[in-house]
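User: Hi! Could you walk me through this structure? I'm new to reading these.
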Amino acid sequence: MSQIETREIRLHPAQNEFTESPALFRGFVGGRGSGKSWAGAFDLLCRARDQRTYLVASPTGVLMEDTTFPTFTAIAKHLGMWKRVKLTPYPNVTLTTGETIRFRTAEDPERMRGPNLSGVWLDEASLMCEDAYTVAIGCLREAGEQGWLSATFTPKGPHHWTFDVFGKNRPDTALFRARTGENPFNPRDFEATLARQYGPGFARQELGGEFVETEGAEWPAAWFGEHLWFRDWPHPDDITLRVMGLDPSKGRGENGDFSAFVNAARDTRGIIWLEADMDNRRPTTQIVTDAIALAARFEIETGGPLDGLGCESDQFQELLATELIEQSRRRGIQLPVYKLTTKGKPKEERIRRLTPYLSAGTFRFRDTPSTRLLVAQLQQFPVGSHDDGPDALEYAMRLAVHVWNARQAKRTQATRPARRG
Ligand SMILES: Nc1ncnc2c1ncn2[C@@H]1O[C@H](COP(=O)(O)OP(=O)(O)OP(=O)(O)O)[C@@H](O)[C@H]1O
Ligand SMILES: [Mg+2]
């Protein structure tokens, strides 16, 4: 006698409405961890039909490997629908009923052109450019039938294409929204913990899933696209400068300031690659040890020596810079510490010096939790509750310019013919 196994699946209300909707183009917008990827994957598995072909796109290979693909795999296996996967190099999954699911990245949307499709799921669609959407909907014609598209994403303000496409009641389109707190499958207090770190405007976007420009933010959300994130540092031969900036704000408990380090590597094209290390619980006594360890790791990972560590040295903080010099010397490392002062310039004014770099898209950000926090602080500047990351970045950039100019001046001197007496 054959046995029918039943597997219980529970959906929260927004997920349920999204999967039930008959609209051709459906968006699921929500806060961080509101169950977007889960809904996108489950929805595709519910809609998949025998022998048909589907496409799942992630903004980058990293996001595909880390979230989209594992989420899909877990649910397909749980539902008993998983048959096999082939890497080509991205996964092509075959389901037990013969459907093919092609996983692709949307980094180059033109490469998403391909076979005719019955359905497409764009995960983290707001981190893709609009072409990913327009190219994808042009493929929805398998077996002469109109296919569907779903997009799951966190909002990126009212000027982003995802709002134009899904937020304006266009024909054939429907949008579903969930707050982070509406997903009962998160840890308890998940939303409240994040809310304590985010400023109110940013929380409306990141937790509420609302299309808002962070009110009062200096720099538009569009300057922080996903194409700016990286995993591996450039090749050592391509790096022309390595500096660190340190804003040693004193840790004052959970909601206190962050002590922030920013490592910056400039490449031959003038692109500046950044990684932050931010901690709001780090005792002041640990800053020196962490600085030495971080500098060593930065040098190893980028394959070359540090050109300078710029440390805020106003008043008593000068002691810290001195301590850094002495302790590193004692360990036989001798960090190239530069004491940087604010010269009485207000913090906001100093941080605004980052504008030309940001508007020109000069920065790349390493995809780590601390660097994400730095970018969140940049996006909220000057209305966010913290700006230690941007401050440390400003120190790093100020030092980079100083070291670079000094180096150029030395070169000019060396090449200038000696003056005859
Ligand atoms: N219907 C569900 N049943 C069981 N678990 C769920 C369900 N929906 C979401 N989850 C769980 O909730 C957590 C967050 O879900 P998910 O990763 O889909 O959120 P997200 O909105 O895509 O997050 P991010 O903003 O990080 O992309 C995950 O652990 C996921 O497994
Ligand atoms: Mg997700």
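Analyst: Happy to! One term to begin with: helices, written H, and strands, written S, are DSSP runs numbered from the N terminus. Also keep in mind that this is a predicted model.

User: Thanks! Which helix gives the largest share of the shell around ligand 1?
Analyst: That is helix H2, residues 36-47, which contributes three residues to the shell.

User: And how many residues surround ligand 1 in total?
Analyst: There are 16 of them, and the closest are Gly-35, Lys-36, Ser-37, Trp-38 and Phe-185.

User: What classes are in that shell?
Analyst: Around ligand 1 you find 10 polar residues, along with three nonpolar and three charged ones.

User: Let's zoom out. How many helices and strands are in the chain?
Analyst: The chain has 13 helices and 15 strands. Its C-alpha atoms fill a box of roughly 95 × 50 × 45 Å along the principal axes.

User: What part of it is buried?
Analyst: Of the 421 residues, 43% count as buried. As for contacts between residues at least 6 apart in sequence, 73% join residues at least 24 apart.

User: Okay, sheets now. What's the strand order in the sheet of eight?
Analyst: The order is S3-S4-S5-S2-S6-S7-S1-S8, in an open sheet with mixed pairing. Strand S3 (82-87) and strand S8 (173-178) each have a single partner strand, so one side of each has no neighbour in the sheet. On average, neighbouring strands are turned by 15° against each other, ignoring direction.

User: Where does H2 sit relative to that sheet?
Analyst: H2 packs on it, touching strand S1 (25-30), S2, S6 and strand S7 (148-153). The direction of H2 makes about 165° with that of S7.

User: In which sense do S2 and S6 pair?
Analyst: Strand S2 (residues 53-58) and strand S6 (residues 119-123) pair in the parallel sense, over four bridges. As an example, Tyr-54 has Gly-119 in S6 as its bridge partner.

User: What about helix H4?
Analyst: Helix H4, residues 130-137, lies across S2, S6 and S7 and runs at about 170° to S6.

User: Last topic: at what angle do H1 and H2 pack?
Analyst: Helix H1 (residues 13-20) packs against H2 at about 35°, and their axes are 10 Å apart. The crossing of H1 past H2 is right-handed. H1 makes the contact through Gln-15, Phe-18 and Thr-19, while H2 uses Ala-39, Phe-42, Asp-43 and Cys-46. By class, that contact has four nonpolar, two polar and one charged residues.

Conventions. Residues numbered from 1 in each chain as written. Chains lettered and ligands numbered in written order. Predicted model: local features only at pLDDT ≥ 70, side-chain atom pairs only at ≥ 80, totals over all residues. Near = placed C-beta within 6 Å. Helix = DSSP H or I, 4+ residues; strand = E, 2+ residues; numbered from the N terminus. Nonpolar A, V, L, I, M, F, W, Y, C, P; charged D, E, K, R; others polar. Buried ≥ 20, exposed ≤ 12 C-beta atoms within 10 Å, placed from the backbone. Contact = placed C-beta atoms within 7 Å. Axes fitted to C-alpha atoms, helices over the stretch in contact; angles between N-to-C directions. Left-handed = near helix turned anticlockwise from the far one by under 90°. Pairing = 2+ DSSP bridges.
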